[in-house]
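Good morning, and thank you for the time. I would like to take the group through one structure and some of its local features.

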Amino acid sequence: MVKAIGSRSLRELARVICNRRTVCLLIVVLLAAGTWATCATVGKHYRSSVKFQMREPLTRDYPDRDFYLDSSLRIFVNNQLELMASVPVLARAVLLMEYAESGDPLYQRWHEIRGELEDGRFNAYGMSEQRRADFEAVLVELDQRIEQRQSDPSHGAEFRERVRRFARNVKVEVGKVGKDVLTGSVTLIVTQPEPVERARIAADMVARSYLDRHRQLQWPGDQRPVAPTDARTMELRKARLEVARAAMDAFVARLDDPSDLEVLEQLTRNGPEADKHCLIRSQRENVLALDGELAELRLLQQQLLEQVPLVLWGVLPRTDSEGLLTVPALAVLNRMADTDPLLTGMVTTVPEKTMAGNLTIRQLKTTEATLLTDLNRLRVDYHDDHDEVRKKRAEIATTRRLILKEIVGEARTLRIPIATLSARRDEARVELQRLREQLNRLTGKLFEYQSLVHEMNLAQTQYCQASNDSTADTAGREQDTDGIAILVIEHAQLPDVSRPAYPKPFFYAVIASCVGLLLAVVYAFVADHFDHTFKSIEDAERYLGVPVVGSVPKCGGRLVT
């Protein structure tokens, strides 16, 4: 009774939704109202910001102005961004906010000197030695208290967690670079829960802590703290690079075989599975090549020994345990007479490889062929008992005796390369088995090795980048410090109470309404799919197979009587 959605007309689809419009509207209203109510009960967070301008006049005529704008100011601004989000600055802001609420005397001293700075009675570089010493003492004491709070076994973890939560609510945005002068704007945005005054105080504390830290970096001599780029470089070296190297050294020390490291490097180079099969295939091909050479030499030896008469073995076994012919001794051959029928009637076939490599056998076979030709010619003129015929047969027997000796000697000589190849083949098989076991053993360590290599490469890259930034930062500070000015062009303002950063009830309610509308449409089509009642006269006639005689309309939900 139910048609597929794709086969329905727009009018039917609209009817499906209109028939259940009350439930659909209820779903949308409930989701929107629930979201609005949830936003009303959740604590509000407000946002306040401080805008800085970093300005450096372009006093010299640079041949490549765009490069100077892109390199000098970029490095300086990036360093300031890192300084703003550094742990010392945020930890100072958190501690100063706490001291401001409790009225700590250290906060009063810090606030007094900060007030003199902002009133313009002196600046950070032209203040008197005594006042700068007082300012430095306040900042040093703040840092000491931060270290004490962080190292406190009972409350240190809580304080560090407060700083981490506070850091998640601090955001820094970079503006555009000016054209006539080197200017860059940076906006520091801090989000804090209500009351609304807390966001302004937090933004103000972070901005002041950043400026204090920046002034410390400009002081000469031992009074200057470690620059953030230098601190980051040292931290990366200790926390990342040295740890990664130590982990790699420990991993290498745990390897069973010194060659395991070379295999792991080869597996990591182009892909573990491909290189694993490549290593095994290469070693297997080596074994197969040695097997082929060994089989070729053994076949050549057997072909030579097959030309040797059986009587030469005498009482000695003719074959070994593998069924191969053994090399006979020459004692029986030496005792044979030249008139022995075995020598006079024997025919030997020497393999071409032996003929090509043994000059003596080649010459003897040539002599044998010549003597046989002469013998056949003599047989035409003389009978077999003639002296010339017997003499020629004796020469043939002597030549064949020499040929047999050369064949046996060649077969005996082949035993050395056969034994050598056999030993090499056995070593290759052992190496193949060892390589398979090694690869199976290293399969579980491959992922760990790749992770260590990736971590060490990443640490090395980050350390080199930080080292380069630190060098550029140091060079910039030494080249011209007084020319760079950091100005606060927009101080932290009290946020509008009616416009919190989040939650935003109207925005979230609109999203909830859209989601509710989607769910309502899904509900309407699912409900219509499982509704098997007739919707029209056409449905009744189509599914019942009989014509409709009449219909009774409804009026106000009841049948008309």
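Predicted model: local features only at pLDDT ≥ 70, side-chain atom pairs only at ≥ 80, totals over all residues.

The chain holds 19 helices and 6 strands. It has 561 residues, and 35% of them count as buried. The accessible surface amounts to about 33,300 Å², and carbon and sulfur atoms contribute 56% of that area. As for the contacts, let us take those with a sequence separation of 6 or more: residues 24 or more positions apart account for 75% of them.

Let me now turn to the helix pair. Helix α4 covers residues 87–102 and helix α7 covers residues 156–168; their axes are 9 Å apart, and the packing angle is about 105°. On the α4 side, the contact is made by Leu90, Ala91, Ala93, Val94, Leu95, Met97 and Glu98, and on the α7 side by Phe159, Arg162, Val163, Phe166 and Ala167. By residue class, this contact of α4 with α7 comprises 10 nonpolar residues, no polar ones and 2 charged ones.

The next topic is the cysteines. A disulfide is a covalent bond between the sulfur atoms of two cysteines. How many disulfides does the count come to here? The count is 0. Cys18 counts as partly exposed, with a relative accessibility of 40%. Cys39, by contrast, is buried, and its relative accessible area is 7%.

I come to the backbone. Most peptide bonds are trans. Where does the model show a cis peptide bond? One joins Glu194 and Pro195, with omega at about 15°. Pro195 itself lies in a loop, between strand β3 (182–193) and helix α8 (196–218).

Lys392 belongs to helix α16, which spans residues 387–413. Is Lys392 buried or exposed? Its relative accessible area is 15%, so Lys392 is buried. Setting aside residues up to four places away in sequence, Lys392 touches Leu371, Asp374, Leu375 and Leu378.

Val350 sits in the loop between α13 (341–344) and α14 (352–357). This valine, Val350, is also buried, at a relative accessible area of 11%. With residues up to four places away in sequence again left out, Val350 touches Leu304, Met355, Ile361, Lys365 and Ile407. Between Val350 and Leu300 there are 9.7 Å from C-alpha to C-alpha, at a sequence distance of 50 residues.

Val29 counts as partly exposed, at 44% relative accessibility.

Notes:
Residues numbered from 1 in each chain as written. Heavy atoms only, no water. Axes fitted to C-alpha atoms, helices over the stretch in contact; angles between N-to-C directions. Helix = DSSP H or I, 4+ residues; strand = E, 2+ residues; numbered from the N terminus. Contact = heavy atoms within 4.5 Å. Nonpolar A, V, L, I, M, F, W, Y, C, P; charged D, E, K, R; others polar. Buried < 20%, exposed > 50% of the residue type's maximum accessible area, 1.4 Å probe, protein only. Areas by Shrake-Rupley, 256 points an atom, 1.4 Å probe, with all protein chains shown as cover. Disulfide = S-S within 2.5 Å.
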